[in-house]
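Colleague: Please take a close look at the element whose end-to-end span is out of step with its length. I would like its geometry, then its side-chain contacts, then the setting in the rest of the chain.

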Amino acid sequence: MASTQPKTISEAIGEDHKSLDLYADNIRSSQTLNDKTKWRNQLTWVLARHAISEELTMYPAMEKHLGEEGLQLTNTDREQHQAVKEDLYKLQSLSPSSSSFFPLLDRLMTDLHEHIKHESEEDMPRLEEKLSREESQALAQSFERTKMITPTRSHPSAPNRPYFENFAAMLAAPIDRFKDLLSAWPEKGELPEKHRSVL
């Protein structure tokens, strides 16, 4: 049996992006308030961890390998992330029964798709061009490992640059994980394999 090659950073991030659409669709299609709430929690959990992990791993790599261009690209990315984090912060504690929930979810997903388009058309091709496959795979592994220790909820007022963000994340993550223990979640069988083992 052939072994599968480790994912590149583009593949790892792209996989998360696809799951975010799935979870938003599940919120919309769920029939009960409890199910909508579970999928809202799952969307929050994946998106919060994803955004911080990008900021701590991929963005510094872009700045290192792309120089001034990387700095400009990551400044745009951080601005886009901030809009997403602010919407997610409101959404993560808003009941799906609220009349403002679905318009907010739609705005969040619109902003997120704009950011995803920027990453897939601008950031990833430029970064991957500068990295060997092995470097890209190592960066993807770092991205995945970082998600294991980041906060699981949005904290839009926290710093979004390495070192300051690392410190803020270390403070927020244990509190978020305690809150996670008290929250409703989709059943493991309803989740993509990637997200089953870490809840």
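**A helix that folds back**

Modeller: Helix α2 has 59 residues, yet its end C-alpha atoms are only 14 Å apart, whereas a straight helix would reach 87 Å at 1.5 Å a residue. That expected span is 1.5 Å times one less than the number of residues. The model is predicted, with local features needing pLDDT of at least 70 and side-chain atom pairs pLDDT 80 or more, while totals for chains, interfaces and linings use all residues. Residues are numbered from 1 along each chain as its sequence is written, and side-chain values use heavy atoms, without hydrogens and water.

At Gly-67, α2 bends by about 145°; the bend is the angle between axes fitted to the seven residues ending there and the seven starting there. Helices are DSSP runs of H or I with at least four residues, strands are E runs of at least two, and both are numbered from the N terminus.

Now the side chains. Trp-39 in α2 (residues 33–91) pairs with Tyr-23 in α1 (residues 9–29), a link between distant parts of the chain, 16 residues apart. The two rings are stacked, at 5.6 Å centre to centre and 25° between planes. Rings of Phe, Tyr and Trp (its six-membered ring) pair if their centres lie within 6.5 Å; planes under 30 degrees apart are stacked, over 60 edge-to-face, and the rest tilted. Tyr-23 has a relative accessible area of 0% and is buried; Trp-39, at 5%, is buried too. Here buried means under 20% relative accessible area, exposed over 50%, and partly exposed in between (1.4 Å probe, protein chains only).

Arg-49 lies over the face of Trp-45, 3.9 Å from the ring centre. The criterion is NZ of Lys or CZ of Arg within 6 Å of the ring centre and within 35 degrees of the ring normal.

The whole structure holds two aromatic pairs. Besides Tyr-23 and Trp-39, Phe-101 and Phe-102 pair edge-to-face, with ring centres 5.0 Å apart and planes at 80°. Phe-101 is buried at 0% relative accessible area, whereas Phe-102 is partly exposed at 25%.

As for the setting, the chain has five helices and zero strands. Of its 199 residues, 47% count as buried. Among contacts (heavy atoms within 4.5 Å) between residues at least 6 apart in sequence, 78% join residues at least 24 apart.
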